[in-house]
Amino acid sequence: MGWPSSLAAWRWVIVVVALALAAAAGAEETVGGGERGAVAAQQGGPGWPRHRHAYAAMMYMGTPRDYEFYVAVRVMMRSLARIGADADRVLIASADVPADWVRAMREEDGMRVVTVKNLKNPYESNLGGISRRFKLTLNKLYAWTLVDYERVVMIDSDNIFLQKTDELFQCGQFCAVFINPCYFHTGLFVLQPSMDVFNGMLHDLEIGRDNSDGADQGFLVGCYPDLLDKPMFHPPENGSKLNGTYRLPLGYQMDASYYYLKLHWHVPCGPNSVITFPSAPWFKPWYWWSWPILPLGLSWHKQRWDDLGYSAEMPVILMEILMYAIIITITRLAKPGITKQCYNRRPEKQNAMVQGLIKMSAIMAMLIAYTIPFFIIPRTVHPFMGWSMYLFGVFALGVLVSNAFLLPLIAVLTTWIAIIGMFFVMAFPWYHGGIVRVLAIFGYAFFCSPFLWASVVKVMDSLQNMLEREPFFTRLGEPVQETEFSKLF
């Protein structure tokens, strides 16, 4: 086949080549060795990368808390933009992350979204009961495929950035923080992307390299077992990049538990830059109940208030307010009729089994009144909203229980009053240290215990007196006797 000789033919060749290049630019990139099944689609539109460095986080589905981590990633990435981080913000997302979440993070938050195929975890049997949470954390290894960047800081979604940390991009091929005396923490680490390193890690997964915890941290500790013996990272003043592996100062991964000892930060080794929350999963900072139990929860919610807002949860909050208001109104209007029906004079008494069932029902109703409002509040609302809705819900259901079982309202709500007091004791901002705060909480609990016990005794006495005087329910199929008066009216 000869070369095109006419000008028109050459024009067609140029057009075809241009179209091919455009299609290649818009197509999904394949990284990580297709023969291994590690396929990632680099998304985000034209113009990526925009910087030489990147902060990267990951997201995968299949846990009971997928939405909470979605919100957490958005807040963290927006906080990086607010403090002026001079780097791209990249999300490594599994292919099953909802499309509307991906669109919001790409278009509203300005993230580059990299869609990946989940890496199979050969250590899943080592995870025990927490396999649903950690079996896909090996997707972090995809950070080494971001070869468009010179350095990447891989971060978990439970980090709070107090200040700019771009000096981390001067670190070497791998750098991490030891918040444990023996093992480094993978909530934040620096890496130099490399397909060779990534393919080597895939090979280690295939042969079953030792993994102490079955997740990403145990695997990476096995990949860099001598990191503890490496020198501490200190960024060069001339802005140059280091080579090799380094330990990062503790100030880049300050465990939140350190804060609670003195209720302020003072980590002398390195800048106090990043807070992490590797503690119990149900006390992550985005949960509304995390504050004032853990004072730092309010810091995360302040960032969300500034960067993202709470518009997604407001419809649910408004519906709950309306529901509780209706419960209180109906209960108060129905009280006279309930009282007259329950206190009508009847000659027979209830047997012991029925009385026991009624007492048990009353106790269960009180427990439900204090627990149901907790579980129906959106988990990621602001603590002020969450606690207000919880107290309002308990009050509404407490009034309902009081009227349904003819119990003294003050006795039913004694625990409610104690919770309000505990809230203020824990939220008091002027403690001199964490030990003083803990002692104050224990002192308040000791002070409240007699009142709580007295309320329980009062409730049981009220139930017993009512059951001894009159039957609480009519027998099935019997009409209620009409009386000229009741004991209360």
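**View 1. β7 and its partner strands.** In this predicted model, strand β7 (residues 174–177) runs parallel to strand β9 (residues 245–248), and four bridges join the two. Here a strand is a DSSP run of E with at least two residues, a helix is a run of H or I with at least four, and both are numbered from the N terminus; two strands pair if DSSP finds at least two bridges between them. Look for F174, which stands opposite T245 in β9. β7 also pairs with β8 over four bridges, this time in the antiparallel sense, and V190 in β8 is the bridge partner of C175. F174 and A176 point one way from β7, C175 and V177 point the other way, and all are buried (buried means under 20% relative accessible area, exposed over 50%, and partly exposed in between, with a 1.4 Å probe and protein chains only). In a regular strand, side chains alternate between the two faces of the sheet.

Two notes apply to every view. Residues are numbered from 1 along each chain as its sequence is written, and side-chain values use heavy atoms, leaving out hydrogens and water. Because this is a predicted model, local features need pLDDT of at least 70 and side-chain atom pairs count only at pLDDT 80 or more, while totals for chains, interfaces and linings use all residues.

**View 2. β2, β3 and β4 run side by side in parallel pairs.** β2 and β3 are parallel and joined by six bridges, with A54 facing its bridge partner D88 in β3. Moving on, β3 pairs with β4 over five bridges, again in the parallel sense, and S94 has V116 in β4 as its bridge partner. How many residues of β3 are buried? Seven of its seven are: D88, V90, I92 and S94 point one way, and R89, L91 and A93 the other. Strand β4 (residues 112–116) is mostly covered too, with five of its five residues buried. On one side of β4 you will find R112, V114 and V116, and on the other V113 and T115.

**View 3. D96 sits in the loop between β3 (88–94) and α3 (99–108)**. Is D96 buried, exposed or partly exposed? At 43% relative accessibility, D96 counts as partly exposed. D96 and G62 are 34 residues apart in sequence, and their C-alpha atoms are 9.1 Å apart in space.

**View 4. S157 lies in the loop between β5 and β6**. Although in a loop, S157 is buried, with a relative accessible area of 10%. Which residues does S157 touch, leaving aside neighbours within four places in sequence? S157 is in contact with F69, A72, V73, M76 and W286 (contact means heavy atoms within 4.5 Å).

**View 5. An open sheet of three strands.** The order is β6-β11-β10, with mixed pairing. β6 (159–161) and β10 (254–255) are the edge strands, each pairing on one side only. β10 runs parallel to strand β11 (residues 274–276), with two bridges joining them; D255 stands opposite T276 in β11.

**View 6. The largest pocket has a volume of about 780 Å³**. Of its 37 lining residues, R133, F134, T137, D156 and D216 are the closest to its centre. β2 (53–59), α2 (66–82), α4 (131–134), β8 (185–191) and α6 (216–223) each give two or more residues to the lining, and α6 gives the most, with four. A pocket is an open set of points on a 1 Å grid over the protein atoms alone where a 1.4 Å probe fits, with protein on both sides within 12 Å along at least five of seven lines; lining residues have an atom within 4 Å of a point. Points are joined across faces, edges and corners, and the volume is the space filled by probe spheres set on them.

**View 7. Confidence along the chain.** The protein chain averages a pLDDT of 82, and 81% of the residues score at least 70; pLDDT is the predictor's confidence in each residue, from 0 to 100. Where pLDDT is low, the predicted coordinates should not be read in detail.
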